[in-house]
Amino acid sequence: MSIATYVLIAVVVLVIIIAKKALVIISQSETKIIERLGRYHATLSPGVNIIVPFIDRAKDIVVLRNGRYLYSANIDLREQVYDFDRQNVITKDNIQMQINALLYFQIVDPFKAVYEINNLPNAIEKLTQTTLRNIIGEMELDQTLTSRDTINTKLRAVLDDATNKWGIKVNRVELQDIMPPESVLTAMEKQMQAERNKRAVILTSEGQKQSAILQSEGEKTSTINRAEAAKQQEILRAEGEAQARIRKAEAEAIAIEKITEAVGKSTNPANYLLAQKYIQMMEELAKGDKTKTVYLPYEATNMLGSIGGIKELFKEG
């Protein structure tokens with residue numbers, strides 16, 4: 001093989017190497033920062049890009065992968081999630097606890113992400129930790145446990161404003177776990193148990209109160225119903241007695257008319273009726289105690305005279 005052949009092969013290989021270095025293929029949702037002789041030259045877009053070999057060079061950026069800081073020339077423009085380790089924070093009422101957070105962010109300006117900050121993942125982590133300590137330090141324990149949305153909103157607002165100059169957009173911040181000390185958890189559990197017992201006692205007393213109210217209302221209704229029944233009974237009894245007296249009076253009136261017709265106009269029917277009453281009374285006295293002395297009034301002689309008159313009347317009839 002001649003020298004010309006070797007030279008040709010070397011030229012071909014060199015052309016291939018230069019072409020490989022000149023052609024840069026960028027995947028979708030990624031980019032690269034190109035420096036020419038140490039100065040910023042261009043931000044490559046997805047697809048095929050041509051650069052000058054050995055003069056243009058891709059700028060590396062620090063990325064966080066599997067908990068380790070690595071250097072990479074590819075800049076991911078998709079939304080990323082950082083899961084930070086638990087950290088100790090102190091509340092306003094001096095309660096120490098542990099909190100870990102999730103941070104969702106996106107690189108919107110690759111130039112700032114590369115040149116405005118040295119170690120972007122570490123800067124975001126430290127800023128999140130310090131901001132979270134400040135926010136929790138302004139709140140008491142009870143507020144911290146019940147105001148996750150408030151904490152997330154405040155944290156996202158502070159981080160989004162602070163990372164804007166780094167070309168970062170913080171989309172969302174979520175608190176995963178809030179772990180108070182064991183003694184605080186025990187006290188909270190006792191407090192919750194006491195509250196549950198209190199609610200149980202209140203519900204029991206309310207039930208007893210409602211039961212007593214319903215029972216008294218039932219007794220009241222029963223008493224009213226009994227009184228109404230007794231009232232109706234007395235009314236009906238009085239009406240019955242009144243009807244009986246009316247019927248008796250009507251019967252007596254009819255009897256008087258019959259007696260008047262029987263004895264005639266000359267004799268007073270009242271004397272006849274009085275005589276009947278005296279006779280009935282005398283029969284009752286005769287059935288009573290024989291040892292008792294009975295005094296008859298003076299008017300009894302008149303009654304006897306009436307009886308005699310009635311006797312004569314019946315004889316004539």
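A salt bridge is counted here where a side-chain nitrogen of Lys or Arg lies within 4 Å of a carboxyl oxygen of Asp or Glu. By that criterion the structure, which is a predicted model, holds six salt bridges.

One of them joins Glu35 to Arg57, with the closest N and O atoms 3.2 Å apart. Glu35 belongs to strand β2 (residues 30-36) and Arg57 to strand β5 (residues 56-58), so this pair ties together parts that are 22 residues apart in sequence.

Another salt bridge brings together the side chains of Asp76 and Arg78, at 2.9 Å from N to O. Asp76 is partly exposed, its relative accessible area being 22%, and Arg78 also counts as partly exposed, at 49% relative accessibility. The side chains of Glu174 and Arg172 likewise meet in a salt bridge, here at 3.8 Å from N to O. Glu174 counts as partly exposed at 32% relative accessibility, and Arg172 is partly exposed with a relative accessible area of 37%.

These pairs are set in a chain whose secondary structure comes to eight helices and 12 strands. Of the 317 residues in the chain, 25% are buried. The chain exposes about 22300 Å², and carbon and sulfur atoms supply 55% of that area. Among the contacts with a separation of 6 or more, 61% are between residues 24 or more positions apart.

The interior may be considered next. In soluble globular proteins, nonpolar side chains tend to be buried together. The largest nonpolar core in this model has 35 residues, of which Ile99, Leu103, Leu120, Ile124 and Trp166 touch the most other members. At least two residues of this core come from each of β6 (61-65), β11, α2 (110-115), α3 (120-137), α5 (148-162) and β12 (168-179). Helix α3 gives the most, with seven residues. A second, separate core of five residues includes Val24, Ile26, Leu44 and Ile51.

The surroundings of Ile99 can be described residue by residue. Once its neighbours within four places in sequence are set aside, Ile99 is in contact with Asp85, Arg86, Gln87, Val89, Leu132, Ile136, Leu175, Asp177 and Ile178.

Strand β11 (residues 96-107) runs antiparallel to β9, and four bridges join the two. In this pairing, Asp83 stands opposite Leu102 of β11. In a regular strand the side chains alternate between the two faces of the sheet. Strand β9 (residues 80-83) has Gln80 and Tyr82 on its covered face, while Val81 and Asp83 are on the uncovered one.

Most residues other than glycine have a negative phi. Ser29, however, has a positive phi, near 65°. Ser29 lies in the loop between β1 (23-26) and β2, where it is partly exposed with a relative accessible area of 27%. Phe54 is not a glycine either, and its phi is positive at about 65°. The loop between β4 (47-50) and β5 is the place of Phe54. At 64% relative accessibility, Phe54 counts as exposed, because the threshold for that class is over 50%.

The confidence of the prediction remains to be considered. The chain averages a pLDDT of 80, and 81% of the residues score at least 70.

Conventions. Residues numbered from 1 in each chain as written. Heavy atoms only, no water. Buried < 20%, exposed > 50% of the residue type's maximum accessible area, 1.4 Å probe, protein only. Pairing = 2+ DSSP bridges. Contact = heavy atoms within 4.5 Å. Areas by Shrake-Rupley, 256 points an atom, 1.4 Å probe, with all protein chains shown as cover. Core = buried A, V, L, I, M, F, W, Y, C linked by side-chain atoms within 4.5 Å. pLDDT = per-residue confidence, 0-100.
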